[in-house]
Amino acid sequence: MTGLHLAQTDNPAMQKEEGKTTTEKRNTTAPNQWVEQYADYFYAYTIARINDEELARDLVQETFLAGLERLDRFEGKSTERTWLTAILRNKIVDVYRQRSSGLNNDNAISNIDEQDDFFNADDGHWKETHYPKEFARTPDDQLLAKEFHIVLRRCMNKLPSLWIAVFTMKHMDELATENICKELKVTAANFWVIVHRTKLNLRACLQKNWT
Amino acid sequence: MNDLNKIIYNCRKATFLIEKKQLSRLTVREQLELRVHIAGCSICRTFQRQSILINGQVRNIFQSRMPDSTLPEAFKKDLQERINKELEK
């Protein structure tokens, strides 16, 4: 199927023609249009999940190159975009895995207990200094939401990478908990502890910084 | 009753359940515990409201197209040229 396409790109005239008829039906690929069609979308997709412009650029590039290498395995069952997005997503998860593996991972989990200062150890009450208070504002229009997102991002960046990985994977693609645990090698119990700690910290950080 | 008493006064457990509830399903017992706690604890009610707000905003971030983050044109041009070169191989 894709062999056909590769044959076409050998012929400049046909390549041009295919460029015009990229929009699918039979789910073909047109790598000569990839950058124009997907690069900005993939870049934004990656930036939202990995807050690192240089790395995001690399991942977009790697995704296209990996796609080229696997062109012969594109069966047209999904759209080209879905297929490439899956490649990109796997690369993003790889980054999460690297960032949170080994030592970092151990630290992130053992830190959970050490940092447990939101509540009294004996009865589980909020410590008075950590009482959640109302946010100074609510992000109820677009402009405020944008500001809120900036602060939220900054707060997320302060957390251990394993926590961010868990949090992001759960919220970004609404992945099943079991899959996240498997991909990041955390137990189900630790998964929920991390979710809890992440939110406690994010909320506190927002209260303090979104003013 | 003792167990229920514990959760009534345990904000750590209550906030844990608030998080779990948003991403998964609570057991009947957990639902009851949380409801009882929330009814009597205004601090955790504030936490819950804010936690839901944060989750909603996080989802907005991930779903938004973020048109302000686009790649430099020069980078895109180089990248497409590289792809085209690979195609010619």
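Is B:Glu33 buried or exposed? At 6% relative accessibility, B:Glu33 counts as buried, where buried means under 20% relative accessible area, exposed over 50%, and partly exposed in between (1.4 Å probe, protein chains only). This is a predicted model, in which local features need pLDDT of at least 70 and side-chain atom pairs count only at pLDDT 80 or more, while totals for chains, interfaces and linings use all residues. Residues are numbered from 1 along each chain as its sequence is written, chains are lettered from A and ligands numbered from 1 in the order in which they are written, and side-chain values use heavy atoms, with hydrogens and water left out.

B:Glu33 has a partner in B:Lys13: their side chains meet in a salt bridge of 3.2 Å, N to O. A salt bridge here is a side-chain nitrogen of Lys or Arg within 4 Å of a carboxyl oxygen of Asp or Glu. B:Glu33 lies in helix α3 (residues 28–40) of chain B and B:Lys13 in helix α2 of chain B, so the pair ties together parts that are 20 residues apart in sequence. Helices (H or I, at least four residues) and strands (E, at least two) are DSSP runs, numbered from the N terminus.

A second salt bridge of chain B joins the side chains of B:Lys77 and B:Glu81, at 3.7 Å, N to O. These two residues are four apart in helix α5 of chain B, and therefore separated by about one helical turn. B:Lys77 is exposed, with a relative accessible area of 56%, and B:Glu81 is partly exposed, with 42%.

Chain A is helical in its secondary structure, with ten helices and zero strands. Of its 211 residues, 48% count as buried. Among contacts in chain A (heavy atoms within 4.5 Å) between residues at least 6 apart in sequence, 68% join residues at least 24 apart.

One is the salt bridge between the side chains of A:Glu183 and A:Arg97, at 3.3 Å, N to O. A:Glu183 sits in helix α9 (residues 177–184) and A:Arg97 in helix α5 (residues 80–99), 86 residues apart. A:Arg97 is partly exposed, with a relative accessible area of 31%. Both residues belong to a network of salt bridges that also links A:Arg89 and A:Asp94. Over all chains, the structure holds 13 salt bridges.

The other link is a disulfide between A:Cys155 and A:Cys205, with an S to S distance of 2.1 Å. A disulfide is taken as a pair of cysteine sulfur atoms within 2.5 Å, and a search of the whole structure finds one over all chains. The link is left-handed, with -80° about the S-S bond. A:Cys155 lies in helix α7 (residues 142–157) of chain A and A:Cys205 in helix α10 (residues 188–209), 50 residues apart. Both cysteines are buried.

B:Cys11 is in no disulfide, the nearest cysteine sulfur being that of B:Cys44, 3.8 Å away. B:Cys11 counts as buried, at 6% relative accessibility. The sulfur of B:Cys41 is 3.7 Å from the closest cysteine sulfur, also in B:Cys44, which is too far for a bond. B:Cys41 is buried as well, with a relative accessible area of 10%.

The remaining topic is the interface. In it, 43 residues of chain B are in contact with 57 residues of chain A. The two chains bury about 4700 Å² between them, 69% of it on carbon and sulfur atoms; this buried area is the accessible area (1.4 Å probe) that two parts lose on being put together, summed over both. B:Arg12, B:Phe62 and B:Leu87 supply 16% of the area that chain B buries against chain A, more than any other three residues.

Across this interface the rule finds three salt bridges. One of these joins the side chains of A:Lys199 and B:Glu19, at 2.9 Å, N to O. On chain B, helices α2 (11–23), α4 (42–63) and α5 (73–88) each supply at least two residues of the side that touches chain A. Helix α4 of chain B gives the most to that side, with 16 residues.
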